[in-house]
Amino acid sequence: MSKYLLNKFLYTVDRDPELVERYREDPKGTVEWWEAERANVILNVLTGEKSSWLKLDDVEREALATHDYPKLFELGAHPFLTLTLFIAMFERDHAEPLGFQLEYARRLGHFELPYPDIST
Amino acid sequence: MATIAAVIASTHHPFYYRASTSTGADRPPFADEWVAKITSFRETLTRANPDVLVLVGSDHFHQLWLDNMPQFLVGKAPFYDANWYNEEREFGLPKMFFKGAEDLSAHVLRSGLDAGFDLAFSNELRIDHSVTCPMITLRPECDLPIVPIYTNIFAPPLPQPKRYVQLGQAIREIVASWPENLRVAIIGTGHLSLELGGPRQFGPHGPDPEFDRKAVDWIASGDIEKALGEVSLESLWEPGNATHGFLDFMLMMGVAGAGEKADYVDTLDLFHTMEAYFTWYPKGGQA
């Protein structure tokens, strides 16, 4: 289990406008491409020195590939990263102000304190 | 020696800019009251007639990331660009630009290290809404040089709450020992109870109004002892999963000093989270 890698996916997609759209339209394909090409890239390194060991497990990959943000919360992904990226992708589909944010809260309504640990 | 012209603690609400600048049907019903409160709060800084601003905030996974995460970081650069693509996207925040007070940054770093705080530093820092929100609310002209100081309130493991208070106390002493005859305002922003990306987010009030009431009392009365007695890294999850932002309020209580009552206190009960504004005028500092 790699909360760090889940967070790295959310972080690197969120800060790239093209990747935000790509992940919205093709979540499964984007996750597969990202894990193959980007998961082991150290963020400020351009010359090919990569990590060699970072890999999503099946549950994590499935949660990302299905836009399953309640599952990401359960897995301990950082809630700020998940929220920010999912607002960017889906707020536009809701007519009411805060419509997506309130739906998001409702879909997490079954979680009670203590919430899943987000330590990495 | 420098004069501490004012100590200011505030929430940083990224929606203020859009709410305050929107018109017609886009203008939310609470905007006018919010603008009135901010205008009054802004006057508390203007009145202090500062030359330089020290700004305490927290990077929200913009430049600082989990592969290299400092606990406390001081910006030391001649200039700072500000606000990020995802803040423009979600909050409508504008791009901003600030001049740095690089000599004060150097003094804070040297003195902080010598005082036992192993401060990280950055010579190229693009700052985010934790620092730009108080500039928008308190000094929209953005005409004063700044020293940004980032704390980690976001990515556990975090330092203990008392460490934020101690750093605040140290910042107060360090700024006061800066050998320049200039007036420095120290401004820090945090949160009261707040939930982000959890089931209690975006409710009609903050997730824990009782915590907010107690927290405002602690800050307004300078009751560091009580705050430290009731707040722990574990307990802060309960009022809301982003309430560790309160640690920056505790840092500012350290700057203001134990038992120092705030000279100006105001709050605004909004949806999602409560706004809170505090200003202290240290003795000898008032304009």
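In this predicted model, buried residues account for 53% of the 287 residues in chain B. The secondary structure of chain B comprises nine helices and ten strands. Its radius of gyration is 17 Å, close to the 19 Å that the globule rule gives for 287 residues, so chain B is as compact as a globular protein of that length. The C-alpha trace of chain B extends over about 50 × 40 × 40 Å along its principal axes. Among the contacts in chain B with a separation of 6 or more, 83% are between residues 24 or more positions apart.

One local element of chain B that can be followed residue by residue is a hairpin formed by strand 9 and strand 10, with four residues between the strands. Strand 9 covers residues 264-269 and strand 10 covers residues 274-280; the two run antiparallel and are joined by six bridges. Within this pairing, Val265(B) stands opposite Phe278(B) of strand 10.

The description now turns to the interface between the chains. Here 30 residues of chain A are in contact with 22 residues of chain B. On the side of chain A that touches chain B, at least two residues each come from helix 1 (3-14), helix 6 (79-90) and helix 7 (99-107) of chain A. Helix 6 of chain A gives the most to this side, with eight residues. Classified by residue type, the side of chain A that touches chain B holds 21 nonpolar, seven polar and two charged residues.

Notes:
Residues are numbered from 1 along each chain as its sequence is written. Chains are lettered from A and ligands numbered from 1 in the order in which they are written. This is a predicted model: local features need pLDDT of at least 70, side-chain atom pairs count only at pLDDT 80 or more; totals for chains, interfaces and linings use all residues. Two residues are in contact if their C-beta atoms, placed from the backbone, lie within 7 Å. Ala, Val, Leu, Ile, Met, Phe, Trp, Tyr, Cys and Pro count as nonpolar, Asp, Glu, Lys and Arg as charged, and the others, Gly among them, as polar. Two strands pair if DSSP finds at least two bridges between them. The radius of gyration is taken over C-alpha atoms; the globule rule is 2.2 Å times the number of residues to the power 0.38. A residue is buried if 20 or more other C-beta atoms lie within 10 Å of its own, exposed if 12 or fewer, and partly exposed in between; C-beta atoms are placed from the backbone.
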